[in-house]
Amino acid sequence: MDIDIARALHVLGIVVWVGGMFFAQVALRPAVTALAPPQRLALMSAALGRFLASAGFAIVAVLASGFWLVASLGGMAAVGAAVHAMMGIGVVMTLVYVYVALLPFRALRAAVANADWPVAAAAMGRIRTWVSVNLMLGLATVVIGAFAR
């Protein structure tokens, strides 16, 4: 893989992943509060399903291109602290994504399918919390990457 292609895939993956979380937290979630719980939770379940699928592809692109870029620069011993920090944060973010996708999102989807709105709301609350954590980690990583030399 050409290094420029790897960089482009890396940045595009981050834009999709972090940008999607930003949109969900800052624009979508506040806008849907005007809806009744059945409509709000069904909409969020559908939107999050699409986002999680897209983010999953983005994460694969980010991890693969990130590891390729590090290898092309001579490995972990050859890169600076900023790259180590970005990789560490990226691994934590990936684990948060996997948790959200496998546990609270599945609970949300099942609760919406069963019209169990209190359970759906609780699952959505857990998702919102962890997406907020991941968004902060993602934004911190973008800042680290922007100032890395």
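The model is predicted, so local features need pLDDT of at least 70 and side-chain atom pairs pLDDT 80 or more, while totals for chains, interfaces and linings use all residues. Numbering runs from 1 along each chain as its sequence is written, and side-chain values use heavy atoms, without hydrogens or water.

First, the overall architecture. The protein contains 5 helices and 0 strands (DSSP runs: H or I of at least four residues, E of at least two, numbered from the N terminus). Read from the N terminus, the order of elements is α-α-α-α-α. Along the principal axes, the C-alpha atoms occupy a box of roughly 55 × 25 × 20 Å. Of the 149 residues, 34% are buried. Among contacts (heavy atoms within 4.5 Å) with a separation of 6 or more, 76% are between residues 24 or more positions apart.

Now back to Arg7. What does the side chain of Arg7 meet in a salt bridge? The partner is Asp4, with an N to O distance of 3.7 Å (the criterion is a side-chain nitrogen of Lys or Arg within 4 Å of a carboxyl oxygen of Asp or Glu). Both residues belong to helix α1 and are 3 residues apart, about one turn of the helix. Across the whole structure, the search returns 1 salt bridge.

How many cavities of 30 Å³ or more does the search of the whole structure find? There are 2 (a cavity is a set of points on a 1 Å grid over the protein atoms alone where a 1.4 Å probe fits but cannot get out; lining residues have an atom within 4 Å of a point). The largest cavity holds about 90 Å³ (the space filled by probe spheres set on points joined across faces, edges and corners). Its lining draws at least two residues from each of α1 (3–32), α2 (37–72), α3 (81–102) and α5 (117–147). Helix α5 contributes the most, with 4 residues. Sorted by class, this lining has 11 nonpolar residues, 1 polar and no charged ones (Ala, Val, Leu, Ile, Met, Phe, Trp, Tyr, Cys and Pro are nonpolar; Asp, Glu, Lys and Arg charged; the others, Gly among them, polar). Trp17, Tyr97, Trp130 and Asn134 are among the residues that line it.

The second largest cavity holds about 50 Å³. Helices α1, α2 and α5 each provide at least two of its lining residues, and α5 again has the largest share, at 4 residues. Here the lining comprises 7 nonpolar, 1 polar and 2 charged residues. Its members include Gln25, Arg29 and Arg128.

Which residues lie nearest the centre of the largest pocket? They are His10, Ile14, Leu69, Val83 and Met86, out of 30 lining residues. The volume of the largest pocket is about 830 Å³. Each of α1, α2, α3 and α5 supplies at least two residues of its lining, which divides into 21 nonpolar, 7 polar and 2 charged residues.

Is Ser65 buried or exposed? Its relative accessibility is 1%, so it counts as buried. The side chains of Ser65 and His10 are joined by a polar contact of 2.8 Å (N or O atoms within 3.5 Å, one able to donate a hydrogen and the other to accept it; residues adjacent in sequence count only if both atoms are side-chain atoms). Setting aside neighbours within four places in sequence, Ser65 is in contact with Ala6, Leu9 and His10.

Thr94, in helix α3, is also buried, because its relative accessible area is 14%. Beyond residues up to four places away in sequence, Thr94 touches Trp17, Ile59 and Leu63.

Finally, Ala36 sits in the loop between α1 and α2. Its relative accessible area is 37%, so Ala36 is partly exposed. Ala36 and Ala148 are separated by 112 residues in sequence and by 45 Å in space, C-alpha to C-alpha.

Note on methods:
1 Å grid on protein atoms, 1.4 Å probe; cavity = no way out; pocket = protein on both sides within 12 Å on 5 of 7 lines; lining within 4 Å. Buried < 20%, exposed > 50% of the residue type's maximum accessible area, 1.4 Å probe, protein only.
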